[in-house]
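My notes follow in the order in which I took them.

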There are 2 protein chains.
Amino acid sequence: MADSKFVYGFSEDPGEGALALCGGKGAGLMRMRGLGLPVPEGFIISTEACTRYMESGDLPEGLMAEVMDRLARLEEATGRRFGDPENPLLVSVRSGAPVSMPGMMDTVLNLGLGERTVGGLAKSTGDERFAYDSYRRFIQAFGEIVLKVPGHLFEEAIEEMKRERGVEADTELTAPDLRELVERFEGIVAREANAGFPEDPKEQLELAIGAVFDSWMGERAAAYRREYGIPETLGTAVTVQRMVFGNMGETSATGVAFTRDPATGEQGIFGEFLLNAQGEDVVAGIRTPRPLGEMERDLPNAYQQFLQTAERLEQEMRDMQDLEFTIERDRLYMLQTRSGKRTAAAALKIARDMAEEGLISREEAVLRVEPASLDQLLHPRVDPEADLEILAHGLPASPGAATGKVVLTAAEARDRAEAGEAVLLVRRETNPDDVEGMFAAEGVLTALGGMTSHAAVVARGMGKPAVTGCGALKVDPMGSGFELGGERFEAGDVLTIDGADGRVMRGSVPLVEPEPSEDFEAILRWADEARALVVRANADAPEDARRARELGAQGIGLCRTEHMFMEGERLRIMREMILSEDDEALREALTLLEPMQREDFEGIFRAMSGLPVTVRLLDPPLHEFLPDSKDLAKEIAEREARGEGTEEQRRQLRVAEGLEERNPMLGLRGCRLGLLRPEVYLMQARAIAQAARTVREAGVEPLVEVMIPLVGFPSELERMRTLLLAELGNEGLPIGTMIELPRACAVAGEIAEVADFFSFGTNDLTQMVCGISRDDAEEKFLSEYLRSGILRENPFETLDQDGVGRLVRMARELGRATNPHLKLGVCGEHGGDPKSIAFFHETGLDYVSCSPFRVPGARLAAAQAALRERSTMRQPA
Amino acid sequence: MADSKFVYGFSEDPGEGALALCGGKGAGLMRMRGLGLPVPEGFIISTEACTRYMESGDLPEGLMAEVMDRLARLEEATGRRFGDPENPLLVSVRSGAPVSMPGMMDTVLNLGLGERTVGGLAKSTGDERFAYDSYRRFIQAFGEIVLKVPGHLFEEAIEEMKRERGVEADTELTAPDLRELVERFEGIVAREANAGFPEDPKEQLELAIGAVFDSWMGERAAAYRREYGIPETLGTAVTVQRMVFGNMGETSATGVAFTRDPATGEQGIFGEFLLNAQGEDVVAGIRTPRPLGEMERDLPNAYQQFLQTAERLEQEMRDMQDLEFTIERDRLYMLQTRSGKRTAAAALKIARDMAEEGLISREEAVLRVEPASLDQLLHPRVDPEADLEILAHGLPASPGAATGKVVLTAAEARDRAEAGEAVLLVRRETNPDDVEGMFAAEGVLTALGGMTSHAAVVARGMGKPAVTGCGALKVDPMGSGFELGGERFEAGDVLTIDGADGRVMRGSVPLVEPEPSEDFEAILRWADEARALVVRANADAPEDARRARELGAQGIGLCRTEHMFMEGERLRIMREMILSEDDEALREALTLLEPMQREDFEGIFRAMSGLPVTVRLLDPPLHEFLPDSKDLAKEIAEREARGEGTEEQRRQLRVAEGLEERNPMLGLRGCRLGLLRPEVYLMQARAIAQAARTVREAGVEPLVEVMIPLVGFPSELERMRTLLLAELGNEGLPIGTMIELPRACAVAGEIAEVADFFSFGTNDLTQMVCGISRDDAEEKFLSEYLRSGILRENPFETLDQDGVGRLVRMARELGRATNPHLKLGVCGEHGGDPKSIAFFHETGLDYVSCSPFRVPGARLAAAQAALRERSTMRQPA
C-alpha cells in the first residue's frame with residue numbers, strides 16, 4: 001500500500017529515518033532482507049504508532065486495518081492462514097526501540113495458537129509434542145504480558161508437573177504431559193487474568209501490540225531510559241514475523257552470537273546455541289547453552305552458512321554485531337543483527353582492529369569508543385570471576401575497587417595506614433576534616449551524599465574509589481561501628497567496595513590491576529590528532545600532577561591551594577592563624593606556612609615543566625578549616641565532665657561561631673576573603689613567585705597562571721590584580737579569574753579587561769544559576785526530580801546547556817569582545833563529562849580540565865566533538 | 001586668554017558644562033554676574049584641574065600661570081595689588097563641587113595677608129582692629145587647612161586671651177589684643193606646622209588651592225559622597241574672589257538666607273545675619289545670628305536690595321534658593337546662590353506652590369520632590385522640639401518612631417500587647433519565630449542584621465519602625481535583659497527608637513503624628529498623570545491591603561502566604577503537619593488550615609475588589625516553621641534536668657535536623673516543595689478558588705493571580721500548572737511565576753510559554769546572581785565593600801543594573817518573544833527604590849510592587865522616570 005502510515009514491510013526501507021521509525025531490530029531486519037539474507041517474512045509497526053498510543057492510550061485509527069492488510073499478504077506468502085485449524089499461521093510480536101534496551105521490553109512468540117489451532121499445528125508439523133510445547137509457551141507469555149497473570153504461577157505449575165513425572169528437564173516432558181500442562185495453564189489464566197483469553201488470533205495480535213507499547217512505558221524500561229538518558233518520546237516499534245521454530249526436533253536450534261568477543265574484543269565469532277529450543281530458553285538459563293563452535297558437529301551446513309552470514313554482516317554493518325538466529329529443520333533464519341554491547345577494553349580493541357583491517361577509518365575508530373568508559377580501565381576492578389557476597393548498593397561515586405579494614409575516623413585511617421594496613425574509611429558523610437583520612441584510605445564509603453557530594457568530588461580528585469549515598473549503611477553516632485543491611489560491623493572488619501558500580505561486598509575480594517593496553521594508547525593517539533580542545537587536569541599535589549601528565553594532561557587547569565592546608569601540621573597552623581586575634585600571631589602563622597606552600601608549588605611546577613599550571617588562591621570560607629562547632633561543643637561538654645580545662649576549646653568555639661554563615665555557599669570566601677584579609681593571598685603570591693624562580697634555576701620551565709576565585713565585580717579583580725602584581729614582582733605571570741557567579745557572566749566584558757583568562761567554575765556556577773545547593777539537593781529533591789522526569793539529567797554531572805550554558809556563551813562573547821586574547825577554560829567537574837565537553841568544544845573554549853583519571857576520556861570526548869562537528873559541516877545544509 | 005584651559009572668569013560661562021566644570025558655587029556666581037547682580041570680582045579653577053591633581057598629586061602644569069594672569073587682571077580691576085604693603089589685595093579661596101556638599105570641604109578667607117601687608121590693610125581701611133581680626137582669622141584658617149595645625153590650639157588661645165582680658169565675646173577684644181593674639185597664633189604655627197608659614201601671597205594661594213583639592217579627597221568628604229552616592233571622579237572647582245568684608249564695622253554684615261522656609265516650605269524669605277562679622281561666624285555659632293527681618297532696621301537700603309535680589313534669583317533659577325551675602329560698608333555683595341536643601345514636607349509645598357504660581361510646570365513640580373523622602377511623612381516622627389537622650393545609633397531599617405516597654409521575646413510581646421501595653425521588641429536578631437511578636441510590638445530593635453535583614457524586611461513590610469544592627473546593644477543569651485552602651489536595661493524599661501535615622505533614646509519621647517498634606521495629595525495626583533508603571537503593594541493581611549489601597553496601590557503584587565501560617569494557633573498546626581509522619585495526620589492538619597487560609601484570602605480580596613491580587617503559594621523551607629534545632633536541644637537538656645519527658649522534643653529535633661540544609665537559600669523550598677509535597681499547594685489552590693467564589697457572591701470583584709515561587713525549569717511550572725488547574729477548577733485564574741533564579745532568566749522564553757505573568761523576585765535574584773547571602777553578607781563583607789568603594793551601592797537596596805539588570809532585561813526579551821501577552825512585574829524590595837524603579841520603567845515592565853508605605857514614593861519615582869524619559873526623547877540626538 002502506497003499510503004501506508006504506520007506499517008512498513010521489510011523491503012520498504014524508509015532510508016534515513018529507518019532507525020527512528022522502525023527501531024533497531026526493524027532496521028536490522030530490513031538491512032538483512034536487502035542483503036538477501038534469510039529473514040522470516042513479516043512487517044514493522046512504526047514508533048509513530050507507539051507515540052500516538054502514548055498520547056491517546058488507544059491504538060491509532062487505521063493501524064489495525066493496515067496490520068490486517070499486511071497479515072493477508074503474510075498468509076499469502078506463507079500459505080498458512082491466521083486461525084486456520086488445519087494449517088495455522090503463527091507469528092512473533094517483538095519490541096524494537098531506536099536505541100537498544102536489551103531485555104527491558106516484552107515479546108510474545110507463537111501468537112496465533114489456540115484450542116482450535118494447536119491440533120492443526122501438530123498435524124501440519126507431524127509433531128504433537130512441539131505443538132503443545134509452543135502452545136504452553138504462548139499461554140504463558142500472553143498470560144503474563146497481556147493478561148497480567150503473575151509469571152511465577154506458570155513456573156510453579158511446570159515445576160510441579162516435573163516433580164509429578166519425576167523428570168529433571170523441560171525437554172523430558174512428553175506430548176501428553178504438555179497437553180495436561182496446557183490445561184493447568186488455562187486454569188491459572190481463568191482464575192488470575194484481568195480478562196478472558198481471546199481465541200481469535202486477530203484479537204490476540206491487537207492486544208499483544210498494545211502490550212508491547214505498554215511495556216515501553218513500564219517501570220523497568222523507564223528506569224533503564226533514565227539511567228542511560230534515553231528520551232521517552234522515541235517510542236518503540238513492533239515487529240511481527242512469521243514464527244520459525246528452533247524447537248522442531250534435533251535438526252532445529254536457536255542461538256545468539258557476537259562477531260567478536262564482547263568482553264575482550266578478540267577476533268572470531270563468539271556465541272551459544274541450543275538444539276530443539278526457542279530463543280527464550282537460551283536467555284532464561286533453564287538449560288545451559290553450548291558454545292557455538294559445537295554446532296559445527298550437529299548442524300554442519302547451517303553452521304557454515306551462519307559463519308558466512310555473520311562475517312558478511314560485520315563487513316556490511318562495519319561494526320561488531322550482536323546476532324540472533326533460529327535453525328528450523330536445518331534451515332537458517334536470521335532474527336536480529338545489531339551493534340553489540342561491549343566492555344571498554346573490547347571497544348578499544350575492536351575499534352583499533354577494524355581501523356587496521358581497513359573496515360573503518362581512524363576517525364570512525366575514535367568515534368566508536370565511549371569516553372566515559374575509559375575511566376574504569378585505569379582503576380583496579382573486582383575480578384569478574386570472583387564469588388561475591390554483596391551486602392548493599394550505593395552510588396558509584398568514584399571508580400575503582402578497594403578492599404580494606406574498616407575505620408570510622410580520619411585519625412584511625414591515618415594511624416592504621418601508617419602501620420601499613422589497608423583501610424576503608426566509612427563515614428556518615430565526609431567534610432574537610434576527613435580529607436587526611438581519605439588520603440590514607442584505599443577507598444571511602446558513606447551513608448549520605450550523592451555523586452557530587454564532598455566525598456565523591458574529593459575521592460574522584462584523588463583517584464580513590466568511593467561509594468556514597470549507601471542508604472543501607474547506618475553509622476553509629478558515637479562512632480564505634482555501623483549497621484549494613486541490618487548486620488553489625490565493627491572497626492577492623494574487612495569490606496570491599498566497587499566504586500564503578502556502587503557495590504559493597506563482604507570481606508576481601510580478588511581485584512584485577514589496570515593495565516592500559518596498546519589499543520588504549522593507539523585510540524588516544526588518534527583522538528589527539530583530531531581534537532581542538534586542550535585537556536588539562538585538576539591536581540593539587542606533585543604526585544597527582546605526574547600521574548595526570550602520564551595520562552596525557554597538557555597542563556593543570558586547577559591547582560587548588562586549600563587542600564595544601566588541610567593536612568596534619570599545616571591544618572594546625574592554619575587553625576592557629578584563623579584563631580589568632582592579633583596581627584603578630586597572623587604573621588607568625590603565615591611565616592610558617594609560606595615555605596610549605598613554596599615547596600608544594602615547586603613540586604608541581606617540576607612535574608609540569610613546560611606546561612601551564614593554573615594556581616587558584618585560597619577559596620573556601622575559613623570555617624572549613626576549623627572543627628565543626630557541634631563537635632567543639634561536644635568536646636567541651638566531655639572535657640568538663642572529666643574536670644579538664646576548656647578555655648582553648650571555648651575560644652575556638654567562639655571564633656567558629658563567629659564565622660558561621662546561614663548560606664556559606666553565598667558567603668565570605670574566595671576573593672572576598674582575599675580582599676578583606678589580603679595577607680594570605682600575598683603570602684601565596686610570594687610563594688608562587690619564589691617557587692617559580694627556584695625551579696627555573698634548576699632548568700625547569702614553570703608556566704604559572706594565577707587564578708582569583710569568586711569574582712563577581714570587575715573592581716574585585718582590579719584590586720586583587722594591583723595587590724598581587726606588587727608581590728609577584730616582574731614575573732609577568734598571567735592573572736585571571738574563575739567565572740562561577742552569574743554576575744561574572746553578565747559583566748564578563750568588564751572583567752575581561754583586567755583578566756588574562758577565564759576559567760569557568762561550572763560546579764558553583766550551576767549552583768548559583770539553578771539556585772541548587774549541591775550538598776543538599778541530591779537527597780532532598782534532585783533524585784526525585786530525575787526520577788519523575790522534571791529533570792532529564794543531573795546538572796552537576798552534565799552541564800545544563802539551556803541555563804548554565806547560555807550564561808557560559810554570554811561570558812565568552814562578552815569577554816572576547818573586550819579582550820580578544822582572553823584564554824577560556826573550564827575547571828568544574830563538567831570538564832570530564834563527554835556531553836559537556838562537546839558543548840565546550842562547540843562554544844569555542846580553549847581547554848577543559850578534569851581529575852587525572854578522567855583525562856583520557858576527556859581527550860577522547862574532545863576528539864569526538866571535533867569529528868562530529870566536521871562531519872556536520874561536511875553535510876549539505 | 002582665549003586658550004585658557006583650567007581657569008574661567010565669571011563672565012565666561014561655558015554654557016551646558018558650567019556645573020560640571022565650575023561647580024555649583026561657580027555656576028551660581030556666573031549666573032549672578034550674568035544677571036548684573038553684585039558679585040565680587042574673581043575667577044574659577046575648574047574641576048578638570050582637580051581631577052588632574054587627583055591623578056598626579058601635583059597641580060597641573062600651566063595652572064598657576066593661568067591663575068597669575070587672572071590675578072593680574074583682578075589687581076587691575078580692584079586697584080589693589082597682591083602683597084602690596086600699602087594697599088594689599090585679599091582673596092577668598094572656596095571649594096565648589098558640581099553637587100552640593102555643605103560644610104564638607106575647606107575654605108580659606110583673607111588670603112594675601114602677612115606681616116608686611118596687615119599694616120597696609122589697617123591703613124587703607126583706617127581700621128586696625130579689622131585688619132588684625134582678618135589676619136588672625138587667616139592665620140587660623142591657613143594654619144589649620146594648609147599647614148595641618150590642630151584647630152583646637154587656636155580656639156584655646158582665643159579663650160585664654162578672653163579670660164585674661166575678662167571679656168565674653170570675640171568682638172570685645174581690642175586691636176592691641178588681636179595684635180597680641182596674632183603673635184600667639186604665629187607661635188603656635190611655628191611649633192606645630194608641618195612647614196613654614198609662607199609670607200608670599202602667591203605661594204599662599206598655590207598652597208590653598210592644593211589644600212582645597214585635598215579636602216575633596218579627605219575622609220569627611222569621601223564619607224559624605226558614599227552616603228549620597230556621589231562619584232569621586234567629579235572633583236571640585238575652586239573659586240578665588242576678591243575679599244569683601246562683613247567685619248568692617250557696624251555698616252557691614254554677613255548672612256545666609258533661603259527664599260522660602262526650608263522646613264515647612266512657607267513662602268517668604270527666611271534667613272539670619274550678623275553685623276560686623278565674617279561668614280564663618282554665622283555658621284560657627286560663636287555669636288548668635290539674628291533673624292534676617294531685623295536687618296531692615298540696621299541696614300534698610302542693603303536689606304531692600306537683598307530682598308529684591310533674592311526674589312529675582314528665585315524667579316530666574318526657578319527654585320527655592322540658598323543664598324550667602326556680605327554687606328561691606330552698606331554695600332551688598334552676593335557670594336552664593338544655589339538650590340536650597342529642604343525637608344520632605346517643604347519640598348512638596350514648594351513644588352506645588354511654584355507650579356500654582358506658574359513658576360514651574362506640574363511636570364517639573366513632580367520632578368522636584370525626592371521620592372524616598374515621602375516615606376517619612378507617613379510615620380510618627382520624634383518631635384523635632386523634644387529634648388532627647390540618645391543612647392545609641394543603629395541602622396535606620398524601617399522608618400517611623402516608636403516608644404514602648406522593652407520585651408525580649410515574641411511571647412512576652414504578645415502577652416503584654418494583649419494586656420494593652422505598648423511594647424518594643426528587642427532581639428539579638430529576628431527569625432520567623434519572632435514575626436508574631438513583631439506584629440504585637442510598636443517597633444523592633446536588633447543588635448545584628450543590616451538594612452535588608454529579616455527584621456528590617458519584615459518590619460518594613462508591616463510598616464513598623466525598626467532599628468537594626470545596633471552594635472552597642474548586647475542582649476543576654478539567657479534573655480533576662482540587655483546592655484546598651486554599657487548601661488543595663490531590663491524588660492519593662494521604656495525606650496524610644498527612630499527608624500528613620502537609627503537613633504535609640506531613653507524613655508518616652510513625644511512623637512508627631514503623620515498627616516499627609518494637601519501638597520502631598522496634589523503632587524501625587526500629578527505624578528499619577530505622568531507615570532506609565534503601575535504601582536502595587538506587597539501585603540499579606542486585609543489591614544495591610546486596605547492601607548496600601550489608601551496610599552494609592554493599584555493591586556497587590558505579592559501576597560505571601562507563609563506569614564499566614566506563622567501566627568499562634570496556625571503555627572502550631574503547621575508544625576503538627578510538618579512533624580506528621582503519616583498521610584492521615586497531614587490531611588488532618590490541612591483540613592484545619594484550609595478554612596483559615598480561605599478567610600485570609602476573602603479579607604484581602606474584599607479590600608482589593610476590582611484590583612489584581614497576586615497570591616504566592618508557600619515559599620519558605622519547612623524548617624522555618626519549626627523551632628531552631630539548637631533551641632530544641634537546649635529545651636531537651638533543661639527538661640531532662642527537671643526530670644521531665646522529652647519524647648516530643650526529640651521527635652521535633654529529629655525532624656528539624658532532617659530538614660536542615662547547609663545552604664537553605666539554595667534548598668528545598670518554593671515550587672520544589674510544592675512538587676514533592678503537593679498537598680499544601682492544592683489546599684491553597686482550593687482556598688483561593690473558594691474564597692474568590694464566596695466574595696463574588698457578595699458583590700466583590702476578585703482579580704486573583706496565582707504565583708509559583710522558585711521556578712528554574714519550565715517543566716516545574718508546567719507540572720504545577722497542570723496540578724493546580726485541576727484544583728482551581730474553571731475559574732480561569734492567571735498562573736505565573738516568580739523570576740528569582742538566574743536560570744529562570746536564561747530560559748524565560750520556555751517558561752513564558754506556560755506562564756501568564758512573571759514577577760521578578762529581585763531580592764533572591766540578587767542573591768543568586770551575585771552569589772551573596774543577604775542574611776550574612778551585610779556584616780561579613782558588604783559594609784566593608786561599600787566603605788572601601790569596591791561597591792558603590794548596596795545591591796539589596798538599589799538594583800544592580802549591570803549584573804542583575806542584564807538578566808532582568810534578558811528575561812523580559814525572551815519572555816515577551818514567546819508570549820507577547822506576558823505581564824511583567826517586580827515584587828522584590830527594589831520595587832520601592834526610586835533608582836531601581838527608573839530602571840524597571842526603562843526596561844518596559846508593567847508594574848512594581850513594594851511595601852505599603854513605599855507606595856507613594858514609588859508612584860512619584862515612576863512618574864519621574866517617565867518624565868525624564870520624555871524629556872530625553874524631546875532632546876535632539
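At what angle do helix 20 and helix 21 of chain A pack, and how far apart are their axes? I looked this up in a predicted model. Helix 20 (residues 568–579) of chain A packs on helix 21 (residues 583–607) of chain A at about 145 degrees, and the axes lie 9 Å apart. I noted a left-handed crossing for helix 20 of chain A passing helix 21 of chain A. From helix 20 of chain A, the contact takes in Glu569(A), Arg570(A), Ile573(A), Met574(A) and Met577(A). Helix 21 of chain A brings residues including Leu586(A), Leu590(A), Leu593(A) and Asp600(A). Sorted by class, this contact of helix 20 with helix 21 of chain A has nine nonpolar, no polar and three charged residues.

Next entry: another pair in chain A. Helix 22 (residues 629–641) of chain A and helix 23 (residues 647–659) of chain A cross at roughly 160 degrees, their axes coming within 10 Å. Angles over 145 degrees count as roughly antiparallel, and helix 22 and helix 23 of chain A are therefore roughly antiparallel to each other. The crossing of helix 22 of chain A past helix 23 of chain A is left-handed. Among the residues in contact I found Leu632(A), Ile636(A) and Arg639(A) on helix 22 of chain A, and Gln649(A), Leu653(A) and Ala656(A) on helix 23 of chain A. I sorted the contact of helix 22 with helix 23 of chain A into four nonpolar, three polar and five charged residues.

Then I turned to chain B. Helix 5 (residues 128–145) of chain B packs on helix 7 (residues 175–192) of chain B at about 20 degrees, and their axes are 9 Å apart. That angle makes helix 5 of chain B roughly parallel to helix 7 of chain B. Helix 5 of chain B passes helix 7 of chain B in a left-handed crossing. Tyr132(B), Tyr135(B) and Ile139(B) are among the contact residues of helix 5 of chain B, and Leu178(B), Val182(B) and Phe185(B) are among those of helix 7 of chain B. The contact of helix 5 with helix 7 of chain B counts nine nonpolar, one polar and six charged residues.

Next entry: charged pairs. Side chains of opposite charge can pair when their charged atoms come close.

Last entry: the two chains. How is chain B laid on chain A? A turn of 180 degrees and a shift of 0.1 Å along the axis do it, with an RMSD of 0.3 Å. That is the relation of a two-fold axis. In chain B, the residue that comes closest to the rotation axis is Asn663(B), at 2.2 Å (C-alpha). Of the interface residues of chain B, 100% are also interface residues in chain A, so the copies meet through the same surface.

Notes. Residues are numbered from 1 along each chain as its sequence is written. Chains are lettered from A and ligands numbered from 1 in the order in which they are written. This is a predicted model: local features need pLDDT of at least 70, side-chain atom pairs count only at pLDDT 80 or more; totals for chains, interfaces and linings use all residues. Side-chain values use heavy atoms; hydrogens and water are left out. Axes are lines fitted to C-alpha atoms, for helices over the stretch in contact, and angles run from 0 to 180 degrees between N-to-C directions. Helices (H or I, at least four residues) and strands (E, at least two) are DSSP runs, numbered from the N terminus. Angles under 35 degrees count as roughly parallel, over 145 as roughly antiparallel, 65 to 115 as roughly perpendicular and the rest as oblique. A crossing is left-handed if the near helix is turned anticlockwise from the far one by less than a right angle, and right-handed if clockwise. Contact means heavy atoms within 4.5 Å. Ala, Val, Leu, Ile, Met, Phe, Trp, Tyr, Cys and Pro count as nonpolar, Asp, Glu, Lys and Arg as charged, and the others, Gly among them, as polar. Copies are superposed by least squares on the C-alpha atoms of residues with pLDDT of at least 70 in both.
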